[in-house]
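Please look over the sequence and the model shown here before reading on.

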Amino acid sequence: MNNKIQKFNNSGEYFQCPICGEKLNLVGNSLTCNQNHTFDISKKGFVDFVLNSKQQKNYDLESFENRHLILEHGMYDHIADKIVKLIQDLNIQSTLDVGCGEGYYSKKLLN
């Protein structure tokens, strides 16, 4: 089992189905509830829980690349530094990165 899938081993502790509210468990490459609602884990290691989501036309690969450049050049480092300090000060043991794109803030927490 690869790391992108393995990190979902304890999903039942953290995730509930957005349709019925039951806990979601790792089954193969998906998170599934007892009602058989299933959410696939992407090749990049994330799960989309947004129902009926449609990609916006103005949010394309170029937008992601531009955002990556902005983050890479440190324009949001001051925000990331404050988040990291707050989590350290509060002695938080687990975090969930929700809707942050490429995991920029999660990566800062690991450093």
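A residue is called buried when its relative accessible area is under 20%, exposed when it is over 50%, and partly exposed in between (1.4 Å probe, protein chains only). Cysteine 20, at 34% relative accessibility, therefore counts as partly exposed. This is a predicted model, in which local features need pLDDT of at least 70 and side-chain atom pairs count only at pLDDT 80 or more, whereas totals for chains, interfaces and linings use all residues. Residues are numbered from 1 along each chain as its sequence is written, and side-chain values use heavy atoms, with hydrogens and water left out.

**Overall fold**

- The protein chain has 5 helices and 3 strands, where helices (H or I, at least four residues) and strands (E, at least two) are DSSP runs numbered from the N terminus.
- Read along the sequence, these elements follow the pattern α-α-β-β-β-α-α-α, and the C-alpha trace spans about 45 × 40 × 25 Å along its principal axes.
- Of the 111 residues in the protein chain, 18% count as buried.
- The protein chain exposes about 8800 Å², of which carbon and sulfur atoms supply 51%; accessible areas come from the Shrake-Rupley method with a 1.4 Å probe, and for residues only the protein chains shown count as cover.
- With contact meaning heavy atoms within 4.5 Å, 32% of the contacts between residues at least 6 apart in sequence join residues at least 24 apart.

**Aromatic rings and nonpolar core**

- Rings of Phe, Tyr and Trp (its six-membered ring) pair if their centres lie within 6.5 Å, and planes under 30 degrees apart count as stacked, over 60 as edge-to-face and the rest as tilted; by this rule the count comes to 4 aromatic pairs.
- One of them is the tilted pair of phenylalanine 8 and phenylalanine 15, at 6.3 Å centre to centre and 35 degrees between the planes.
- Phenylalanine 15 also forms a tilted pair with phenylalanine 49, at 5.4 Å centre to centre and 45 degrees between the planes.
- This second pair links distant parts of the chain, 34 residues apart, since phenylalanine 15 sits in the loop between helix H2 (11-14) and strand S1 (25-27) and phenylalanine 49 in the loop between strand S3 (38-40) and helix H3 (61-72).
- Phenylalanine 49 counts as partly exposed at 23% relative accessibility, whereas phenylalanine 8 is buried at 7% and phenylalanine 15 is buried at 16%.
- Phe8, Phe15, Phe39 and Phe49 form one aromatic cluster.
- The largest nonpolar core has 10 residues, including Phe8, Phe15, Cys17, Leu24 and Phe39; such a core is a set of buried Ala, Val, Leu, Ile, Met, Phe, Trp, Tyr and Cys residues joined through side-chain atoms within 4.5 Å.

**Cysteines**

- A disulfide is a pair of cysteine sulfur atoms within 2.5 Å, and a search of the whole structure finds 0 of them.
- The sulfur of cysteine 17 is 3.8 Å from the closest cysteine sulfur, in cysteine 20, which is too far for a bond.
- Cysteine 20 is likewise in no disulfide, as the nearest cysteine sulfur, that of cysteine 33, is 3.6 Å away.
- Cysteine 17 is buried, with a relative accessible area of 2%.

**Serine 30 and glycine 28**

- Serine 30 lies in strand S2 (residues 30-32) and is buried, with a relative accessible area of 11%.
- Glycine 28 is found in the loop between S1 and S2 and counts as exposed at 52% relative accessibility.
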